[in-house]
Amino acid sequence: MNSLGLTLAIAGAVCAALFAGIGSARAVGLVGEAAAGVVSVDPSKFSKALILQLLPGTQGLYGLLIAILLLSRVGVLGGNPADLTAMQGWMFFAASLPIAIVGYFSAIAQGRAAVAGIGITAKKPEHNGKAIIMAAMVETYAILALLISILIIYNINI
Amino acid sequence: MSRTTKYADAVAAVKAMENSLMNRSDIEQLINASGKTEFDAVMSSKRGNPKEFSTESVWEFIHGYAPESRELEILLYRNDFHNLKAALKAMVSGRNAEKYFIRPTNINLERLPEALAEKDYSVLPEHMHRTAKEAYELIVRTSDGQLADSFIDAETLRTMQKNADESGCEFMKEYARILTVCADIKTAYRCSRMKKQRIFLETAICGSPELDKESLICAVLDGTESLMKFLEESGFAEAVELLDKSAVKFEKWCDDLLMELAGTARMKSFGAEPLAAYYIASETEQQNLRIISVCRESGADRETIMERMRKLYV
């Protein structure tokens, strides 16, 4: 068994879950702060603020999804790890990078957009939908990164 | 683009509070109210408890979210130094200073009169120690309340500029710059009318990058016409035009400059700027309400009141 190949693949899974998760945690926390500020003045805006707070949480889920798919593909989850070469290991590692990197930065960017959206909700709650759409636009790039990570994972020959 | 994420909660809370600021329609309703009963009804429909919207309450609100923010404290410097003036003059004249104090302030007002009498300046923020000591000596030596006032006023602006520069906050730098320029123009104009001597001008004028202190003093000493020409050449033609018309219009111009500055922070979601802007907006609102009350009591017509209304934040 080539332990380096498998180690690299597992490291890729760790990166995907770790960085996308950190990005989401930071962003959800940031939006939560802003939401708490609004709710402290007007508790009736809780549900509207909550939707905006949830938006940047998706990147963490995408990271988790990629980590699970990758571990499943290399057989770690089934208890029968594949015998990967170093090259294959590097390929799996590279496959995790789109969601790890884009996930981290897009979560932070989405968090900032959602905080600005909280401002709209605070002042003009009837325009909350627009605030959600604007923050959700950032999601596109996380989805593209997720897609690329999935495509790479399933197209590596082992 | 600023990457700060500070005060996200405070800014969001302030944005929610902005809904309760008076808008143009509210102001017009107040001006058009036919009597005190209608005026009070409009006020209570917008404001359940007026105390919640006093500048003191607004300060407590934003300071509660950002207690460590040094740049926000600059907003209270004018009140702080005013309170120092009040305490010094009350001490010299043997009166009680309490009724002359303005709140909110960064100073412990309960201890201030006693501490000044004992020349204990530790009750004041550190940036006020030297001013308090020198103002005390000045007022004791000259018994000239106006000179001491002018000295403290100029020191207020100098301290504001210095601490705003040190804070690195562009909003507060601009805030200090606007206040300094407006105060210097006003002082210079009055001094030129009253034909004040150089020694007084040197104490009363602060100076700023836009209006060099020495050049401004020379222009004042050369007479009002020379001063107006100097101001025009320095890019303050609008101020000159308004000063020619009336002091009231000039005051409004100065306040509107501050409100324009506040408007630049409205779209921000983080940082101390939106908090400072909200405080400035609440101060201006209080000022507008005072103007409406005074004008209505004195029987001023609708146009006169509207002309004096400061720009609104919302």
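Biologist: Which radius of gyration would a compact globule of 314 residues have, and what does chain B have?

Modeller: The radius of gyration is taken over C-alpha atoms, and the globule rule is 2.2 Å times the number of residues to the power 0.38. For 314 residues that rule gives a value near 20 Å, and chain B has 20 Å, which agrees. Along its principal axes, the C-alpha trace spans about 55 × 50 × 45 Å. This is a predicted model: local features need pLDDT of at least 70, side-chain atom pairs count only at pLDDT 80 or more, and totals for chains, interfaces and linings use all residues. Residues are numbered from 1 along each chain as its sequence is written, while chains are lettered from A and ligands numbered from 1 in the order in which they are written.

Biologist: What is the mean pLDDT of chain B?

Modeller: pLDDT is the predictor's confidence in each residue, from 0 to 100. The mean for chain B is 92, and 98% of its residues reach 70 or more. The model scores ipTM 0.84 and pTM 0.90.

Biologist: How many helices and strands are there in chain B?

Modeller: Helices (H or I, at least four residues) and strands (E, at least two) are DSSP runs, numbered from the N terminus. Chain B has 17 helices and zero strands.

Biologist: What span should helix 16 of chain B have?

Modeller: The expected span is 1.5 Å times one less than the number of residues. Helix 16 covers residues 273-297, so its 25 residues should span 36 Å. Its end C-alpha atoms are 36 Å apart, which agrees. Just after this helix, B:Gly299 takes a positive phi of about 80°.

Biologist: Which residue other than glycine has a phi near 55°, and is B:Lys119 buried or exposed?

Modeller: Start with the cut-offs. A residue is buried if 20 or more other C-beta atoms lie within 10 Å of its own, exposed if 12 or fewer, and partly exposed in between; C-beta atoms are placed from the backbone. B:Lys119 has that positive phi, near 55°. B:Lys119 sits in the loop between helix 7 and helix 8 (129-142). It is exposed, because 10 other C-beta atoms lie within 10 Å. B:Ser143 also has a positive phi, about 55°. Its loop lies between helix 8 and helix 9 (145-167). B:Ser143 counts as exposed, with 10 C-beta neighbours inside 10 Å. Across chain B, 43% of the 314 residues count as buried.

Biologist: Where is the cis peptide bond?

Modeller: The bond joins B:Arg103 and B:Pro104, with omega about 0°. B:Pro104 lies in the loop between helix 6 (77-93) and helix 7 (112-117).
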